[in-house]
Amino acid sequence: MKCLFFLILLAVANAKIFQRCEWALELKNRGLDGFSGVSLANWVCLTRWESDYNTKAINHNTDGSTDYGIFQINSRYWCHDTTTPGHTYNECNINCSELQSDDVTASVNCAKRIVRQQGISAWYGWLNNCKGQDVSTYLAGCGL
């Protein structure tokens with residue numbers, strides 16, 4: 001039992017939390033700058049408010065679903081976990097645990113799918129904090 005607790009603690013302690021400019025460069029390198037008409041600054045703003053750039057972020061919702069990872073991708077619609085009650089869709093065809101990896105490939109690919117299908121308005125973090133705002137500050141000093 002002590003070993004299991006230590007492993008869980010180690011996994012949480014080893015969360016990759018990107019610095020703002022480091023994350024902006026990662027997103028740019030993965031083709032998100034201008035993807036589906038969404039600027040790089042909007043992607044950085046969105047993830048700042050959804051997860052504070054934390055790959056291990058998790059949020060439990062009142063409907064029993066869970067949001068996972070740096071983009072806070074929801075288990076009811078986009079990924080599979082074993083705890084979400086009722087009908088789920090798994091539109092990204094992945095296990096939700098893949099969204100909490102420090103390798104953000106699965107997270108980025110799923111976020112691209114979401115924005116293609118629903119637009120950036122699918123994220124409340126963006127709607128409540130970035131929409132209609134000057135988001136250029138999210139790239140300030142990054143040299144991008």
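User: Which residue in S3 does Tyr68 stand opposite?

Analyst: The model is a predicted one. Tyr68 belongs to strand S2, which covers residues 66-68. Strands S2 and S3 pair in the antiparallel sense over two bridges. In S3, the residue opposite Tyr68 is Ile73.

User: What is the order of the strands in the open sheet?

Analyst: Strands of a sheet pair through backbone hydrogen bonds, either parallel or antiparallel. Here the sheet has three strands with antiparallel pairing. The order of the strands is S1-S2-S3.

User: Which strands stand at the edges of the sheet?

Analyst: An open sheet of three strands, with antiparallel pairing, is formed in the order S1-S2-S3. Two of these strands each have a single partner strand, so one side of each is left without a neighbour in the sheet. The edge strands are S1 (58-60) and S3 (73-74).

User: Which pattern does the protein follow along the sequence?

Analyst: The protein contains five helices and three strands. Read along the sequence, these elements give the pattern α-α-α-β-β-β-α-α.

User: What radius of gyration does the protein have, and why does it agree with a compact globule?

Analyst: The C-alpha trace spans about 45 × 35 × 25 Å along its principal axes. For 144 residues, a compact globule would have a radius of gyration near 15 Å. The protein agrees with this because its own value is 15 Å.

User: What percentage of the residues is buried?

Analyst: A residue counts as buried when its relative accessible area is under 20%. The protein exposes about 7900 Å², of which carbon and sulfur atoms supply 52%. Of the 144 residues, the buried ones make up 42%.

User: How far apart are the mean positions of the positive and negative charges?

Analyst: The protein has 12 positive and 13 negative charges.

User: What is the relative accessible area of Asp102?

Analyst: Asp102 has its place in the loop between S3 and helix H4 (105-118). Asp102 is partly exposed, because its relative accessible area is 36%.

User: Which residues does Asp102 touch, leaving aside those up to four places away in sequence?

Analyst: Asp102 and Ile70 are 32 residues apart in sequence, and their C-alpha atoms are 9.4 Å apart in space. A contact requires heavy atoms within 4.5 Å. The residues that Asp102 touches are Asn14, Ala15, Lys16, Thr55 and Lys56.

Definitions and conventions
Residues numbered from 1 in each chain as written. Predicted model: local features only at pLDDT ≥ 70, side-chain atom pairs only at ≥ 80, totals over all residues. Heavy atoms only, no water. Helix = DSSP H or I, 4+ residues; strand = E, 2+ residues; numbered from the N terminus. Rg over C-alpha atoms; globule rule 2.2 N^0.38 Å. Buried < 20%, exposed > 50% of the residue type's maximum accessible area, 1.4 Å probe, protein only. Areas by Shrake-Rupley, 256 points an atom, 1.4 Å probe, with all protein chains shown as cover. Lys, Arg positive; Asp, Glu negative; His and termini not counted. Charge placed at Lys NZ, Arg CZ, Asp CG, Glu CD. Pairing = 2+ DSSP bridges.
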